[in-house]
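Welcome, and please take a look at the model shown here. A short tour of some of its features follows.

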Amino acid sequence: MRLSLLYILLLCLAALSLAGCDSHAGNDGSYRVTVELRHGRLHCDSATLVVVDEDYGRLRLLGGAHVEDSVFTFVGHTPEPRLAYIDFATDSLPLQFYFVLEPTHITITLEPGRWLIKGGKHNQSYQAFLNRHARLLASRDSLWHKYVSMGSDSTLTWDKERAALRTDSLLQDSLQRITVERINRGDLASRLVKQRLLPTLTRESLDKIK
């Protein structure tokens, strides 16, 4: 009986020790940002990681990196999640890619017509919203092509046109509504959404921004 109790106590102590180690490892503020350029997405050999301070009026350079096999890598420490961007030194126009710098491993993949962020809850939330927004845009685009096709082959009737316009209006309203709601959450992902999609909002939607 005593041996069983002692064994249980030892197991509990070991579990607490491991939990303490994991907590420390997850809270040391270290980050690693890996940026992969695919299929000739950019023609550059260096990039800079810049953090945006909370007052949005100050920028702080965190470090630079040179490309190795189409990959940039940045490592360092941040005490908390912050807005940041990677400034690519290109031969043409400057390119800045915004994301949330979080104390974790973040991977960013850039290729023609597509990009993807993995790592960090704020980045995942931002990516999930953009995926949802893109699906609605794709539905609206598909509706438009179907409408044009019916017009060109003379199958467009008055009822079909009214139905298409009504569906298009609903999709547009949904895009406006979810964008306003996401921006008004006020977290770091919201600030990225605002920066990216504010120009797509109507005057009525802009009046709803807090």
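In which sense do strand 7 and strand 8 pair, and over how many bridges? The pairing of strand 7 with strand 8 (residues 114–118) is antiparallel and runs over 5 bridges. Helices (H or I, at least four residues) and strands (E, at least two) are DSSP runs, numbered from the N terminus, and two strands pair if DSSP finds at least two bridges between them.

A few ground rules before going on. Residues are numbered from 1 along each chain as its sequence is written, and side-chain values use heavy atoms, with hydrogens and water left out. The model is predicted, so local features need pLDDT of at least 70 and side-chain atom pairs count only at pLDDT 80 or more, while totals for chains, interfaces and linings use all residues.

**The sheet**

Strand 7 also pairs with strand 1 (residues 30–37), here in the parallel sense over 6 bridges.

| Residue | Bridge partner |
|---|---|
| Glu-36 | Thr-109 in strand 7 |
| Thr-107 | Lys-118 in strand 8 |

Glu-111 stands opposite Arg-114 in strand 8. The hairpin of strand 7 and strand 8 has 2 residues between the strands, and Gly-113 there takes a positive phi near 75 degrees.

The open sheet has 4 strands in the order 4-1-7-8, with mixed pairing. Strand 4 (71–77) and strand 8 are at the edges with a single partner strand each, so one side of each has no neighbour in the sheet. From one strand to the next, the twist averages 10 degrees. Helix 2 packs on the sheet and touches strand 7 and strand 8 (contact means heavy atoms within 4.5 Å). The direction of helix 2 makes about 145 degrees with that of strand 8; axes are lines fitted to C-alpha atoms, for helices over the stretch in contact, and angles run from 0 to 180 degrees between N-to-C directions.

**Burial**

**Aromatic rings**

The whole structure holds 5 aromatic pairs (ring centres within 6.5 Å). Phe-97 and Trp-115 make an edge-to-face pair (planes over 60 degrees apart), at 5.2 Å centre to centre and 80 degrees between the planes. Phe-97 lies in strand 6 (residues 95–101) and Trp-115 in strand 8, so this pair ties together parts 18 residues apart in sequence. Both Phe-97 and Trp-115 are buried.

Key. Rings of Phe, Tyr and Trp (its six-membered ring) pair if their centres lie within 6.5 Å; planes under 30 degrees apart count as stacked, over 60 as edge-to-face and the rest as tilted. Buried means under 20% relative accessible area, exposed over 50%, partly exposed in between (1.4 Å probe, protein chains only).
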